[in-house]
Amino acid sequence: MSRQSNRATDSKKMNSELFTLTYGALVTQLCKDYENDEEVNKQLDKMGYNIGVRLIEDFLARSSVGRCHDFRETADVIAKVAFKMYLGITPSVTNWSPAGDEFSLILESNPLVDFVELPDNHSNLVYSNLLCGVLRGALEMVQMAVDVRFAQDTLRGDNVTEIRMKFIKRIEENMPAGDE
Amino acid sequence: MTTRDVPLGTVQIGICSGHVNYPLYIRSVPTQGELKFHYTVHTSLDVVEEKISGVGKALGDQRELYLGLLYPTEDYKVYGYVTNSKVKFVIVVDSSNTSLRDNEIRSMFRKLHNSFTDVMCNPFYNPGDPIQSKAFDSIVSAMMVQAC
(Lines give C-alpha, C1' and ligand atoms only; values in the text may rest on other atoms or scores of the structure.)
Protein backbone atom coordinates (compact mmCIF):
# COMPACT_ATOMS: atom_id res chain seq x y z
CA MET A 1 0.00 0.00 0.00
CA SER A 2 2.84 2.33 0.79
CA ARG A 3 4.20 1.72 -2.68
CA GLN A 4 0.90 2.82 -4.13
CA SER A 5 0.95 6.14 -2.34
CA ASN A 6 4.53 6.73 -3.34
CA ARG A 7 3.67 6.31 -6.98
CA ALA A 8 1.01 8.93 -6.93
CA THR A 9 3.14 11.65 -5.39
CA ASP A 10 6.75 11.58 -6.47
CA SER A 11 7.71 12.53 -9.97
CA LYS A 12 11.18 11.15 -10.21
CA LYS A 13 13.88 13.14 -11.89
CA MET A 14 16.19 11.43 -14.27
CA ASN A 15 19.30 12.61 -16.01
CA SER A 16 18.31 13.30 -19.59
CA GLU A 17 21.74 12.53 -21.05
CA LEU A 18 21.74 9.10 -19.49
CA PHE A 19 18.27 8.48 -20.83
CA THR A 20 19.12 9.69 -24.33
CA LEU A 21 22.38 7.78 -24.47
CA THR A 22 20.75 4.61 -23.21
CA TYR A 23 18.17 4.77 -25.95
CA GLY A 24 20.88 5.62 -28.48
CA ALA A 25 22.93 2.61 -27.44
CA LEU A 26 19.86 0.43 -27.83
CA VAL A 27 19.13 1.65 -31.33
CA THR A 28 22.70 1.45 -32.56
CA GLN A 29 23.04 -2.05 -31.16
CA LEU A 30 19.92 -3.05 -33.05
CA CYS A 31 21.40 -1.50 -36.17
CA LYS A 32 24.44 -3.70 -35.71
CA ASP A 33 22.41 -6.83 -35.07
CA TYR A 34 20.01 -6.37 -37.95
CA GLU A 35 21.48 -5.16 -41.20
CA ASN A 36 18.17 -3.96 -42.47
CA ASP A 37 16.58 -0.68 -41.24
CA GLU A 38 13.06 -2.04 -41.70
CA GLU A 39 13.88 -4.90 -39.39
CA VAL A 40 15.24 -2.48 -36.78
CA ASN A 41 12.04 -0.43 -36.98
CA LYS A 42 10.05 -3.59 -36.44
CA GLN A 43 12.12 -4.58 -33.42
CA LEU A 44 11.80 -1.12 -31.89
CA ASP A 45 8.07 -1.27 -32.36
CA LYS A 46 7.93 -4.68 -30.76
CA MET A 47 9.97 -3.53 -27.75
CA GLY A 48 7.79 -0.47 -27.45
CA TYR A 49 4.71 -2.64 -27.52
CA ASN A 50 6.06 -4.72 -24.67
CA ILE A 51 6.81 -1.56 -22.72
CA GLY A 52 3.38 -0.14 -23.47
CA VAL A 53 1.36 -3.09 -22.23
CA ARG A 54 3.14 -2.80 -18.89
CA LEU A 55 3.43 0.95 -18.68
CA ILE A 56 -0.32 1.45 -18.98
CA GLU A 57 -0.80 -0.17 -15.59
CA ASP A 58 1.68 2.20 -14.04
CA PHE A 59 0.10 5.10 -15.84
CA LEU A 60 -3.42 4.31 -14.67
CA ALA A 61 -2.24 3.79 -11.12
CA ARG A 62 -0.35 7.04 -10.98
CA SER A 63 -2.47 9.40 -12.99
CA SER A 64 -5.87 8.30 -11.73
CA VAL A 65 -7.53 9.36 -14.96
CA GLY A 66 -10.88 7.76 -15.55
CA ARG A 67 -12.36 6.18 -18.61
CA CYS A 68 -12.22 8.32 -21.74
CA HIS A 69 -15.52 8.90 -23.49
CA ASP A 70 -14.21 9.52 -26.96
CA PHE A 71 -11.02 9.45 -28.96
CA ARG A 72 -10.52 13.19 -28.53
CA GLU A 73 -10.38 12.79 -24.80
CA THR A 74 -7.91 9.94 -25.22
CA ALA A 75 -5.74 12.16 -27.37
CA ASP A 76 -5.73 14.88 -24.72
CA VAL A 77 -4.82 12.47 -21.97
CA ILE A 78 -1.96 11.04 -24.03
CA ALA A 79 -0.55 14.43 -24.86
CA LYS A 80 -1.11 16.32 -21.62
CA VAL A 81 -0.74 13.61 -18.99
CA ALA A 82 1.14 10.63 -20.39
CA PHE A 83 3.84 12.43 -22.38
CA LYS A 84 4.25 14.93 -19.57
CA MET A 85 4.66 12.18 -17.02
CA TYR A 86 7.11 9.98 -18.87
CA LEU A 87 9.01 12.27 -21.22
CA GLY A 88 8.50 15.68 -19.66
CA ILE A 89 7.11 17.17 -22.86
CA THR A 90 3.61 18.17 -23.89
CA PRO A 91 2.98 17.59 -27.57
CA SER A 92 0.13 19.43 -29.24
CA VAL A 93 -2.81 17.56 -30.70
CA THR A 94 -3.76 18.71 -34.18
CA ASN A 95 -4.76 17.71 -37.68
CA TRP A 96 -7.92 15.85 -36.79
CA SER A 97 -9.45 13.93 -39.63
CA PRO A 98 -13.06 14.95 -40.39
CA ALA A 99 -14.31 11.67 -38.99
CA GLY A 100 -12.46 12.30 -35.74
CA ASP A 101 -10.67 8.99 -35.80
CA GLU A 102 -7.20 10.19 -36.70
CA PHE A 103 -4.96 12.90 -35.26
CA SER A 104 -1.37 14.06 -35.01
CA LEU A 105 0.83 14.61 -32.02
CA ILE A 106 3.30 17.37 -32.76
CA LEU A 107 6.48 17.17 -30.69
CA GLU A 108 8.41 20.42 -30.62
CA SER A 109 11.33 18.61 -29.10
CA ASN A 110 11.97 14.93 -28.77
CA PRO A 111 14.17 14.01 -25.83
CA LEU A 112 15.13 10.74 -27.48
CA VAL A 113 17.02 12.43 -30.29
CA ASP A 114 18.95 15.12 -28.38
CA PHE A 115 22.41 14.44 -29.85
CA VAL A 116 21.48 12.22 -32.74
CA GLU A 117 22.39 12.77 -36.34
CA LEU A 118 21.26 10.03 -38.66
CA PRO A 119 24.05 8.81 -40.89
CA ASP A 120 23.30 8.67 -44.61
CA ASN A 121 23.25 4.88 -44.71
CA HIS A 122 20.32 4.70 -42.32
CA SER A 123 17.82 6.71 -44.31
CA ASN A 124 14.98 4.29 -43.65
CA LEU A 125 15.52 4.04 -39.93
CA VAL A 126 12.68 5.45 -37.82
CA TYR A 127 14.83 6.25 -34.83
CA SER A 128 12.07 6.87 -32.30
CA ASN A 129 9.84 4.06 -33.48
CA LEU A 130 9.78 2.73 -29.93
CA LEU A 131 7.25 5.46 -29.07
CA CYS A 132 4.83 4.10 -31.66
CA GLY A 133 5.00 0.68 -30.08
CA VAL A 134 4.48 2.10 -26.60
CA LEU A 135 1.36 3.97 -27.67
CA ARG A 136 0.00 0.98 -29.56
CA GLY A 137 0.62 -1.42 -26.69
CA ALA A 138 -0.76 0.88 -24.03
CA LEU A 139 -3.96 1.62 -25.92
CA GLU A 140 -4.46 -2.01 -26.74
CA MET A 141 -4.68 -2.77 -23.04
CA VAL A 142 -7.53 -0.30 -22.71
CA GLN A 143 -9.45 -1.93 -25.56
CA MET A 144 -8.37 0.36 -28.36
CA ALA A 145 -6.69 -0.83 -31.50
CA VAL A 146 -4.74 2.01 -33.06
CA ASP A 147 -2.31 2.49 -35.87
CA VAL A 148 0.68 4.66 -34.94
CA ARG A 149 3.40 5.91 -37.23
CA PHE A 150 5.84 8.77 -37.67
CA ALA A 151 4.69 11.25 -40.28
CA GLN A 152 7.52 13.75 -39.79
CA ASP A 153 10.80 13.53 -37.98
CA THR A 154 13.31 16.24 -37.16
CA LEU A 155 16.06 13.70 -37.81
CA ARG A 156 15.01 13.64 -41.45
CA GLY A 157 15.13 17.40 -41.72
CA ASP A 158 11.51 18.19 -40.89
CA ASN A 159 10.80 21.12 -38.60
CA VAL A 160 8.85 19.14 -36.07
CA THR A 161 8.28 15.56 -35.12
CA GLU A 162 4.79 14.35 -35.93
CA ILE A 163 3.26 11.11 -34.71
CA ARG A 164 0.11 10.14 -36.58
CA MET A 165 -2.42 8.05 -34.71
CA LYS A 166 -5.40 6.35 -36.28
CA PHE A 167 -8.21 4.68 -34.39
CA ILE A 168 -9.05 1.30 -35.89
CA LYS A 169 -11.58 -0.32 -33.63
CA ARG A 170 -12.62 -1.08 -30.11
CA ILE A 171 -11.41 -4.43 -29.00
CA GLU A 172 -14.36 -6.34 -27.61
CA GLU A 173 -13.63 -8.17 -24.46
CA ASN A 174 -14.00 -11.74 -25.43
CA MET A 175 -15.54 -13.70 -22.68
CA PRO A 176 -14.59 -17.29 -22.51
CA ALA A 177 -17.38 -19.34 -24.03
CA GLY A 178 -20.00 -20.49 -21.57
CA ASP A 179 -18.78 -18.20 -18.84
CA GLU A 180 -21.22 -15.56 -17.69
CA MET B 1 44.10 43.30 -47.70
CA THR B 2 45.48 40.09 -49.09
CA THR B 3 46.38 38.83 -45.68
CA ARG B 4 42.75 39.07 -44.62
CA ASP B 5 42.08 36.16 -46.90
CA VAL B 6 43.55 33.87 -44.31
CA PRO B 7 42.21 35.18 -41.06
CA LEU B 8 41.50 31.91 -39.32
CA GLY B 9 43.61 29.22 -40.77
CA THR B 10 42.73 25.88 -39.41
CA VAL B 11 40.61 24.38 -36.76
CA GLN B 12 41.80 20.97 -35.92
CA ILE B 13 40.83 18.48 -33.34
CA GLY B 14 43.29 15.72 -32.74
CA ILE B 15 42.57 12.86 -30.45
CA CYS B 16 45.18 11.18 -28.36
CA SER B 17 44.19 7.79 -27.16
CA GLY B 18 47.20 6.44 -25.38
CA HIS B 19 50.02 8.08 -27.27
CA VAL B 20 48.47 8.15 -30.70
CA ASN B 21 47.78 11.52 -32.22
CA TYR B 22 45.74 11.60 -35.33
CA PRO B 23 43.37 14.21 -36.60
CA LEU B 24 39.63 13.75 -36.18
CA TYR B 25 38.75 16.94 -37.91
CA ILE B 26 40.60 19.53 -39.95
CA ARG B 27 39.03 22.54 -41.46
CA SER B 28 40.60 25.61 -42.98
CA VAL B 29 39.48 28.80 -44.65
CA PRO B 30 40.38 29.30 -47.41
CA THR B 31 41.05 25.83 -48.68
CA GLN B 32 44.18 26.64 -50.68
CA GLY B 33 47.40 25.90 -48.90
CA GLU B 34 45.55 23.53 -46.64
CA LEU B 35 48.40 21.08 -46.58
CA LYS B 36 50.64 23.64 -44.98
CA PHE B 37 48.13 24.13 -42.20
CA HIS B 38 48.02 20.40 -41.63
CA TYR B 39 51.74 20.53 -41.13
CA THR B 40 51.49 23.45 -38.70
CA VAL B 41 48.79 21.73 -36.72
CA HIS B 42 50.68 18.48 -36.51
CA THR B 43 53.87 20.10 -35.32
CA SER B 44 51.95 22.04 -32.71
CA LEU B 45 50.79 18.79 -31.14
CA ASP B 46 54.31 18.23 -29.88
CA VAL B 47 54.24 21.58 -28.15
CA VAL B 48 50.88 20.69 -26.64
CA GLU B 49 52.29 17.43 -25.34
CA GLU B 50 55.22 19.24 -23.81
CA LYS B 51 53.00 21.80 -22.12
CA ILE B 52 50.62 19.35 -20.54
CA SER B 53 53.31 17.02 -19.27
CA GLY B 54 55.14 19.97 -17.71
CA VAL B 55 52.09 21.55 -16.10
CA GLY B 56 50.68 18.26 -14.91
CA LYS B 57 53.64 17.63 -12.68
CA ALA B 58 53.77 21.12 -11.27
CA LEU B 59 50.15 21.69 -10.40
CA GLY B 60 48.85 18.24 -9.65
CA ASP B 61 45.30 17.60 -10.72
CA GLN B 62 44.02 21.11 -11.40
CA ARG B 63 44.85 22.25 -14.89
CA GLU B 64 43.48 24.95 -17.13
CA LEU B 65 42.20 23.39 -20.35
CA TYR B 66 43.13 26.41 -22.39
CA LEU B 67 46.85 26.43 -23.08
CA GLY B 68 47.04 29.84 -24.67
CA LEU B 69 49.38 30.78 -27.47
CA LEU B 70 51.51 27.74 -28.19
CA TYR B 71 54.04 29.44 -30.35
CA PRO B 72 54.10 32.28 -32.84
CA THR B 73 55.64 31.88 -36.24
CA GLU B 74 56.18 34.60 -38.79
CA ASP B 75 52.86 34.06 -40.42
CA TYR B 76 50.63 32.39 -37.90
CA LYS B 77 49.64 32.21 -34.29
CA VAL B 78 48.87 28.78 -32.92
CA TYR B 79 46.59 28.31 -29.95
CA GLY B 80 45.94 25.08 -28.09
CA TYR B 81 43.33 23.56 -25.81
CA VAL B 82 43.35 20.13 -24.26
CA THR B 83 40.47 18.41 -22.54
CA ASN B 84 40.99 16.21 -19.52
CA SER B 85 40.47 13.23 -21.81
CA LYS B 86 43.47 14.46 -23.81
CA VAL B 87 41.54 15.57 -26.84
CA LYS B 88 43.49 18.38 -28.42
CA PHE B 89 42.04 21.38 -30.16
CA VAL B 90 44.28 23.64 -32.17
CA ILE B 91 43.39 26.95 -33.78
CA VAL B 92 45.77 28.59 -36.21
CA VAL B 93 45.21 32.21 -37.15
CA ASP B 94 47.00 34.67 -39.33
CA SER B 95 49.42 36.68 -37.23
CA SER B 96 48.20 39.93 -38.76
CA ASN B 97 44.75 39.25 -37.39
CA THR B 98 44.40 41.59 -34.44
CA SER B 99 40.67 41.28 -33.93
CA LEU B 100 41.00 37.99 -32.13
CA ARG B 101 42.08 38.47 -28.55
CA ASP B 102 42.87 35.87 -26.01
CA ASN B 103 39.33 36.01 -24.66
CA GLU B 104 37.75 35.41 -28.05
CA ILE B 105 40.02 32.47 -28.72
CA ARG B 106 39.20 31.09 -25.32
CA SER B 107 35.48 31.28 -25.94
CA MET B 108 35.93 29.75 -29.38
CA PHE B 109 37.65 26.80 -27.78
CA ARG B 110 34.90 26.46 -25.24
CA LYS B 111 32.32 26.44 -28.00
CA LEU B 112 34.32 23.86 -29.93
CA HIS B 113 34.58 21.74 -26.84
CA ASN B 114 30.82 21.89 -26.28
CA SER B 115 30.01 20.95 -29.85
CA PHE B 116 32.58 18.19 -29.72
CA THR B 117 30.82 16.83 -26.63
CA ASP B 118 27.55 16.78 -28.56
CA VAL B 119 29.23 14.89 -31.39
CA MET B 120 30.56 12.35 -28.92
CA CYS B 121 27.06 11.88 -27.54
CA ASN B 122 25.65 10.97 -30.94
CA PRO B 123 25.08 7.23 -30.71
CA PHE B 124 25.97 6.78 -34.37
CA TYR B 125 29.39 8.31 -33.90
CA ASN B 126 32.16 5.90 -32.95
CA PRO B 127 34.83 7.53 -30.80
CA GLY B 128 38.01 7.82 -32.81
CA ASP B 129 36.36 8.13 -36.20
CA PRO B 130 36.80 11.26 -38.27
CA ILE B 131 34.02 13.72 -37.47
CA GLN B 132 31.50 14.05 -40.25
CA SER B 133 28.68 15.67 -38.34
CA LYS B 134 26.82 18.38 -40.26
CA ALA B 135 25.86 20.16 -37.07
CA PHE B 136 29.50 20.37 -36.02
CA ASP B 137 30.46 21.56 -39.50
CA SER B 138 27.99 24.38 -39.41
CA ILE B 139 29.07 25.53 -35.96
CA VAL B 140 32.71 25.59 -37.06
CA SER B 141 31.80 27.44 -40.25
CA ALA B 142 29.88 30.05 -38.30
CA MET B 143 32.82 30.48 -35.99
CA MET B 144 35.23 30.95 -38.86
CA VAL B 145 33.03 33.49 -40.57
CA GLN B 146 32.77 35.40 -37.33
CA ALA B 147 36.51 35.40 -36.91
CA CYS B 148 37.10 36.91 -40.35
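Mentor: Two rings of Phe, Tyr or Trp (its six-membered ring) pair if their centres lie within 6.5 Å, and planes under 30 degrees apart are stacked, over 60 edge-to-face and the rest tilted. The structure, a predicted model, holds twelve such aromatic pairs over all chains. In one of them, the ring centres of B:Tyr25 and B:Phe136 are 4.8 Å apart and the planes stand at 85°, so this pair is edge-to-face. B:Tyr25 sits in strand β2 (residues 20–28) of chain B while B:Phe136 belongs to helix α3 of that chain, so the pair ties together parts 111 residues apart in sequence. Helices (H or I, at least four residues) and strands (E, at least two) are DSSP runs, numbered from the N terminus. B:Tyr25 is buried (under 20% relative accessible area; exposed is over 50%, partly exposed in between; 1.4 Å probe, protein chains only), with a value of 6%. B:Phe136 is buried too, at 1%. Chain B also has an aromatic cluster, formed by B:Tyr66, B:Tyr81, B:Phe89, B:Phe109 and B:Phe116.

Some bookkeeping: residues count from 1 along each chain as its sequence is written, with chains lettered from A and ligands numbered from 1 in the order written. Local features need pLDDT of at least 70 and side-chain atom pairs 80 or more, while totals for chains, interfaces and linings use all residues, and side-chain values use heavy atoms, without hydrogens or water.

Now follow chain B to where it meets chain A. Eight residues of chain B and 15 residues of chain A take part in the contact, meaning heavy atoms within 4.5 Å. About 890 Å² is buried between chain B and chain A, with carbon and sulfur atoms giving 66% of it; this is accessible area (1.4 Å probe) lost on being put together, summed over both parts. On the chain B side, B:Cys121, B:Pro123 and B:Phe124 lose the most area to chain A, together 65% of what that side buries. The interface has one salt bridge, a Lys or Arg side-chain nitrogen within 4 Å of an Asp or Glu carboxyl oxygen. B:Lys134 makes this bridge with A:Asp120, the closest N and O atoms being 3.7 Å apart. The elements of chain B that give two or more residues to this side are α2 (102–121) and α3 (134–147).

Chain A itself has five helices and four strands, in the order α-α-α-α-β-β-α-β-β. Of its 180 residues, 42% count as buried.

A:Asn95 is in the loop between β1 (92–94) and β2 (102–107) of chain A, partly exposed at 44%. Phi of A:Asn95 is near 50°, positive in a residue other than glycine. A:Gln143, in the loop between α5 (129–141) and β3 (144–152) of chain A, is not a glycine and has a positive phi of about 60°. Leaving aside neighbours within four places in sequence, residues in contact with A:Arg164 include A:Phe103, A:Asp147 and A:Val148.

Notes
Buried area is the accessible area (1.4 Å probe) that two parts lose on being put together, summed over both.
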